[in-house]
Amino acid sequence: MPKAPKKILNDPRDVVTEMLDGLALANDGRVERIAGKDILIRTDLPDSKVTLLIGGGSGHEPVFHGFLGKNMGDAAACGQVFAAPSPDTIFDAAMAAHRGKGILFLYGNYAGDNMNFDIAAELLEEEEIEVRTVRVNDDVAAAPPERAHDRRGIAGDIYAIKVAGGAAEELDTLDEVERVARKAVSNLRSMGVAVSAGSIPETGKLTFELADDEIEIGMGAHGEAGIARQKLATANEVADQIMEKILADMPLQEGDEIALMLNNLGATTMMEMLIVNRRIREILDARGVAVHRTDVGTWLTVQEMAGFSVTLMKLDDELKHYLDLPARSVGLSNM
C-alpha cells in the first residue's frame with residue numbers, strides 16, 4: 001500500500017489556521033487576516049468599488065486565498081482542506097469587503113461551494129447587499145458540452161480571477177464586472193493529468209491510489225475520476241490526448257489568439273511541463289493559433305499530487321487587457 005507523503009507540520013489539526021497566518025504575513029502588509037476567522041482581505045481596498053470575493057477549500061495554495069491584491073481578489077473566504085468555506089465565513093468576508101457597489105462571488109463549480117455561497121448570498125440580500133455569482137467550470141473532462149454547467153472548476157480559476165479582478169478595479173457597475181467575468185469563464189477550457197495522488201494533512205491519507213505505471217487523464221482537483229486510467233505515456237502522447245479533448249470542445253480558427261497556462265498540481269518538475277509546452281505549441285502552430293502569453297508555474301495545487309493541467313483562454317482585446325494588468329500577491333506577481 002502506498003505510503004502517505006512526509007510533511008513538515010505542527011499539529012495537523014491546525015494546518016489551515018497556521019497556513020492563513022503565514023500567508024497573511026507573506027503579503028507584507030497588503031493583506032490581513034480577520035481575527036479569529038478563516039478570512040483574508042486586502043488592506044488597500046478603495047472605497048466605492050465593486051467587490052470581488054473569491055474562495056474555496058484550503059490545500060490548493062496559492063489559489064484562492066493567495067490571489068488578493070489590486071487587479072485580483074478583494075477578499076477570500078477559506079474552507080478547511082479540500083472543503084468549502086462555511087456560509088458564515090463567506091457572509092463575514094463579504095460584509096468586511098463590501099464597498100457599496102455590490103459583490104461578485106467567483107469560485108470553482110463544486111457542490112459544497114455552490115451550496116454555501118448561495119446560502120451566503122441569500123443572507124447578504126437580507127442586508128440589502130446585491131450579489132452576483134460566477135462559477136468557473138473549465139474542466140472539459142468533467143461533463144460533455146451540453147452539460148457544461150456541471151463541469152468542475154480547475155486551473156481556469158486563475159485566469160478568471162485575473163480578468164474579473166481587473167474588471168472590478170476599473171469598471172463602475174456590478175453588471176459590467178459580472179459580464180466580463182462570465183465572458184472570461186465562457187472562453188476557458190482546461191484538462192489535467194495525475195501521476196500520483198495528493199494527501200489530506202489531518203489524516204495523512206492519500207486522496208486516491210495509482211499504480212506506479214499508471215496515470216489518470218482528466219481527474220479533478222481532489223482526485224475525482226477522470227476519463228481514463230492508463231499506462232504511463234510519453235510527454236508528447238499525454239499532451240496530444242489533452243489537446244485533442246480541449247480543442248474538440250473549443251474549436252479554434254486560424255488567426256485566433258489565446259493565453260496558455262500549464263499548472264503544476266504540486267510535485268511535477270518545471271522540466272516536465274516545459275517539454276509538454278513544446279508539444280502544445282507544435283499543435284497550436286499547426287492550426288495557426290497565436291499564443292499571446294504563456295504561463296508555466298504552480299497556482300492550483302493538490303498538496304503533493306504529481307501531475308499538471310493545461311488551460312486555454314480564447315482572447316479578444318477586452319479579455320487581453322484585463323488579463324495583462326499588473327498584479328502583485330503571493331500567488332501572482334506581474335502576471
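**Exercise 1. Strand pairing around E10**

Task: In this predicted model, which residue in E11 stands opposite Ile217? Then work out how E10 is paired with E11 and with E7.

Solution: 
- Step 1. Find Ile217. Its opposite number in E11 is Ala228.
- Step 2. Look at the two strands. E10 covers residues 214-217, and E11 covers residues 228-231. Four bridges connect E10 and E11, and the pairing is antiparallel.
- Step 3. Turn to E7, residues 188-196. E7 and E10 also run antiparallel, joined by two bridges.
- Step 4. Pick out a residue pair. Ala194 has Glu216 in E10 as its bridge partner.

**Exercise 2. The aromatic cluster**

Task: How many aromatic pairs does the structure hold? Classify the pair Phe105 and Phe117, then the pair Tyr107 and Phe117.

Solution: 
- Step 1. Count the pairs. There are two.
- Step 2. Take Phe105 and Phe117. The ring centres are 5.2 Å apart and the planes meet at 70°. Planes over 60 degrees apart count as edge-to-face, so this pair is edge-to-face.
- Step 3. Phe105 sits in strand E5 (residues 103-108) and Phe117 in helix H3 (residues 111-126), 12 residues apart. Both Phe105 and Phe117 are buried.
- Step 4. Take Tyr107 and Phe117. Here the centres are 4.0 Å apart and the planes are at 15°. Planes under 30 degrees apart count as stacked, so this pair is stacked.
- Step 5. Tyr107 belongs to strand E5 and Phe117 to helix H3, so the pair ties together parts 10 residues apart in sequence. Tyr107 is buried, like Phe117.
- Step 6. Phe105, Tyr107 and Phe117 form a cluster linked by ring pairs.

**Exercise 3. Helix H3**

Task: What span should H3 have at 1.5 Å a residue? Which elements do its buried residues pack against?

Solution: 
- Step 1. Start from the length. H3 has 16 residues.
- Step 2. List the buried residues: Asp113, Asn114, Asn116, Phe117, Ala120, Ala121 and Leu124.
- Step 3. Find their packing partners. These are strand E3 (51-58), helix H2 (87-97), E5 and strand E6 (131-136).
- Step 4. Step past the helix end. Just after H3, Glu128 has a positive phi of about 60°.

**Exercise 4. Thr301**

Task: Is Thr301 buried or exposed?

Solution: 
- Step 1. Locate Thr301. It is in the loop between strand E13 (290-297) and strand E14 (306-314).
- Step 2. Apply the cut-off. Buried means under 20%; Thr301 has 8% relative accessibility, so it counts as buried.
- Step 3. Find the partner. A polar side-chain atom of Thr301 lies 2.7 Å from the backbone oxygen of Glu61.
- Step 4. Leaving out residues up to four places away in sequence, Thr301 touches Gly59, His60, Glu61, Asn264, Leu265 and Gly266.

Methods. Residues are numbered from 1 along each chain as its sequence is written. This is a predicted model: local features need pLDDT of at least 70, side-chain atom pairs count only at pLDDT 80 or more; totals for chains, interfaces and linings use all residues. Side-chain values use heavy atoms; hydrogens and water are left out. Two strands pair if DSSP finds at least two bridges between them. Rings of Phe, Tyr and Trp (its six-membered ring) pair if their centres lie within 6.5 Å; planes under 30 degrees apart count as stacked, over 60 as edge-to-face and the rest as tilted. Buried means under 20% relative accessible area, exposed over 50%, partly exposed in between (1.4 Å probe, protein chains only). A polar contact is a pair of N or O atoms within 3.5 Å; within protein, one must be able to donate a hydrogen and the other to accept it, and residues adjacent in sequence count only if both atoms are side-chain atoms. Contact means heavy atoms within 4.5 Å. The expected span of a helix is 1.5 Å times one less than its number of residues.
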